[in-house]
Structures are given as C-alpha cells and as structure tokens.
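Biologist: I would like to learn how to read strand pairing in a model. Could you take me through one case?

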Amino acid sequence: MTTTSLTGFIILFLIVLAVRAHLWLRSRQRWTSSSPSVEEKASLLPGSTVDQQNEKTDEATIVPLPEFDWQKTEPLKLRPFKPKYHITMALQNSTPSDLILMDNNYLSRIRSRQEILSLHASEVMGLLPEGRAAVKELYTYLLGEYLPVRYPTMFRIVFPHPDCPDTTFQNLITNSSFNLSPPPLDPLDCLRAIAQTVEDDFFLLLPFPKPNSPTEGEMEHKCVAFMNLHPSGFSPSSKLGLPLSQIHAPVPSYEKIGPSMERFFARLSCDKLVKRMNWAMQLRPDLYCPGGHHVHQEDLETLEEVREFGDEEAEKARLRVELQGVWRLRKTRAVVFGFKTYMYRLGEVKGEVLEMDDGGTMKTGEALAQAIEGLGEGNAPGMWTYKGAVRWGAAVARWLRSCWEGAVTRLRRTERSGFSIDPDYGRLIIPE
C-alpha cells in the first residue's frame, strides 16, 4: 500500500468515526431534560413499565433494543372505551423511547402503505411552503437518529465509503434505502420515505397570528404538512392550512377542549412526549377510510339503519384504536401530532374478559356494547351520531351481547344434563 493510499484510508476512517460519534451524541442529546413523572392513577399505556417511567437515569435517552424481534412482538391490545363517552384531552406522559412502536404487523402494513401511496399520493400527503423545514427535520430525526438507535435489528445507517459518498438509511426488513446526507431535496420525497418506513401517520403544526382576535398577539396552530395513509372518516388533504379549531370543526363538543389544546401546544417543550387514545367502530376492515365513518346532521334524512348484523358482518367489522402522540421538533419548533392505528376483529374483542376498576371482571363484548350505547350519554352526546352509532349501534351491541354460534352448539349439548343458556349474554346457567 502506498503512502498516499494509507493516508487516504486513515482520513476516511477518521471521518466515519467522527460521524458515528456525532450521531450517537445527537441521539442522547435530542431531549435535554427528563420527562415529567406520571402521577395519574393507572396512567401507564400498555407496553410501558413503571421502571421505564421512573428511571433515575436520563429518561431523555433513546434506549436501544439490541435484541428486538418484530416478528415475535404482538400488537398492543388497547381497550380505551368507557361506559359513557366524555370528550377530554386525556393525555398521558410517555418517554422518547416509545415514540414509535413496532410489532409483527410491520411488513404487511408497510406493503399496504406502499399500495396506498401509489393510488392516493396527493390525498395522503402534502405541505405548505412554511412546512418544508419541519418535514426535513422530522425525516432527519426519525431516519437519522431515532429508528437506527431504538431498533438496530431493523434499521441501520450506512456511512460513506469508496463506493458510495453519501450517508444512507437502510431498512433491513424491506431492503430499502434513503439518503440522509444529503437528504432528499423535495420534502414530498421525505414524507414518502417516512410513510414507507413506519406505520405512524403525522400532522405538523406551526403557530400563526389568529386573525380578528380581540387578544393582541394571540396565536393558533395550523397544519403546515401531513402524511396520513390511514385516515378515518375524513379527507387528509382537506386539513392542510387549517387551524386546529377548523380541523376539528365537525367534532361534537370540541369547543370544550379546543382552547386547552391550543394552550397545551403553545407551551409544549421539546423534551416532552405525551400520548392519548381514540376509538371508533367501522363496518369494514380497511385502514384507508377517508369517508363513510362519520354521520352528520344533514345525513340523517337519508340514513339507512343497519338492522341485520351477524357473524358474517362481524367478521368484516373492526374496533379501530388510534394511539396518538404529541411532541415538538427542536429546530423548527413544529408540533408533531402522530398516531398509529390498531385494528381488532370484533370476534377477538368479544371473546375477552376485561378487568374492571373495582376489581371485578366483565366480558369485553359487554363492555364495548355499553360504550357504544354510552356515546350519547356523556358530555358530548353528539358522538352517537358523529361516530355512526345512530346507524349501526343497536345492531352491533346486540351481536356483542349474543353468544358465539359455535359456543351455543357446544353448550346446548349440555342441556340434557339440566343446563341452559342465557340468551342475552351466552352464559351457562347451572340449575340450583
């Protein structure tokens, strides 16, 4: 080896070492102070542990999962419904490490998202000029810092070498790669890469002066960019450029939490991640559902109520739960509203047993039936119509309370021994 070649090799080695050190430091310094401790009773989301949220070490550090196996990781079972629906912010403190969650649905979901992108790109992603920098910051953080550190068995950074002068992000599951340094010039390409890398969808918001406000200097957050491949009952592109109040204008009783939401966004620090959950029912299994879920007042005259809902219809229907997260980007100060969508078959939910706050148990099917009926009984009674229960609520609740067809067959065999079946709940009744 010549002296020139040796010198070049040493310089290249030092550059790679310096880049690795820089990225490692950024992953540790991305969040500069510890997340607030959780004080609410039962505030831990499934998958979190008390140890994770009460670590005395730096909670802002992204904790790597060096042996994580996505194929052996079951999706979270989220059951956030209550007997009465109350519209609240219901925020729960989380940790930066849990920003993105992975499970064994990953590859099939990514393939589905690629198909959605090919068919509906202009509908599921977009941005304003004011959102360009925020999109690139989100791209750089997720692909250049968070994902390779948190999930090293799934993602890695490939540093410059003689055959490739660029730093690239590599997805070890899909075998796809995206440039990190330099990043894509077009921010839409950044959104497209994110959409094909994680299951989460994102809305980016920035504050702007509120027009015609009686309060001098009052600000409101507007959507400056979005990437939403799993919409539920709305057109994602219609939200671009709108403030929070108009984005949520169709939501009944949103005015009860709207001002609090604006104040929370305004004071949200860069070291904080909070999560919340939202649930809905849908009669088909599609993740991409921009229409058909919500019912508005003007729809009631032509509404057709669902009267027949049996096992065949239940096989298509889904309990849909969004695990939502809110955090702030450090450089652009954009607020990131992200969410991962979980879908559960009604048969799966119906067959579970739910532990109650009082220590007792209840069939989850009964609990969900009560929650459906309770959509019109809380502090936002318009949810009964808006979430579509006015159309399918009674029929779905009846099915959730009915006994399994297969279970009925097996139980009826016992009737000769003096047993019978409760027709409403499918319970075995033992004679005295």
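Predicted model: local features only at pLDDT ≥ 70, side-chain atom pairs only at ≥ 80, totals over all residues.

Biologist: What holds the strands of a sheet together?

Modeller: In general, strands of a sheet pair through backbone hydrogen bonds, in either a parallel or an antiparallel way. Here, strand 9 (residues 318-328) and strand 10 run antiparallel and are joined by 11 bridges. Within that pairing, Gly-338 of strand 10 is the bridge partner of Gly-325.

Biologist: What lies between strand 9 and strand 10 in their hairpin?

Modeller: Six residues separate the two strands there, and Arg-333 in this hairpin has a positive phi near 65°.

Biologist: Which other strand pairs with strand 10?

Modeller: Strand 6 (residues 201-209) does, in the antiparallel sense, through five bridges. Phe-203 sits opposite Phe-337 of strand 10.

Biologist: Is strand 10 mostly covered or mostly open?

Modeller: Mostly covered: strand 10 spans residues 335-345, and nine of its 11 residues are buried. Buried here stands for under 20% relative accessible area.

Biologist: How many strands form the open sheet, and in which order?

Modeller: Three strands, ordered 3-4-5, with antiparallel pairing. Strand 3 (155-158) and strand 5 (176-181) are the edge strands, as each pairs on one side only. On average, neighbouring strands of this sheet are turned by 25° against each other, direction ignored.

Biologist: How many bridges link strand 3 and strand 4?

Modeller: Four bridges, in the antiparallel sense, with strand 4 covering residues 167-171. Among the contacts, Ile-157 has Phe-169 of strand 4 as its bridge partner.

Key: Residues numbered from 1 in each chain as written. Heavy atoms only, no water. Buried < 20%, exposed > 50% of the residue type's maximum accessible area, 1.4 Å probe, protein only. Pairing = 2+ DSSP bridges. Axes fitted to C-alpha atoms, helices over the stretch in contact; angles between N-to-C directions.
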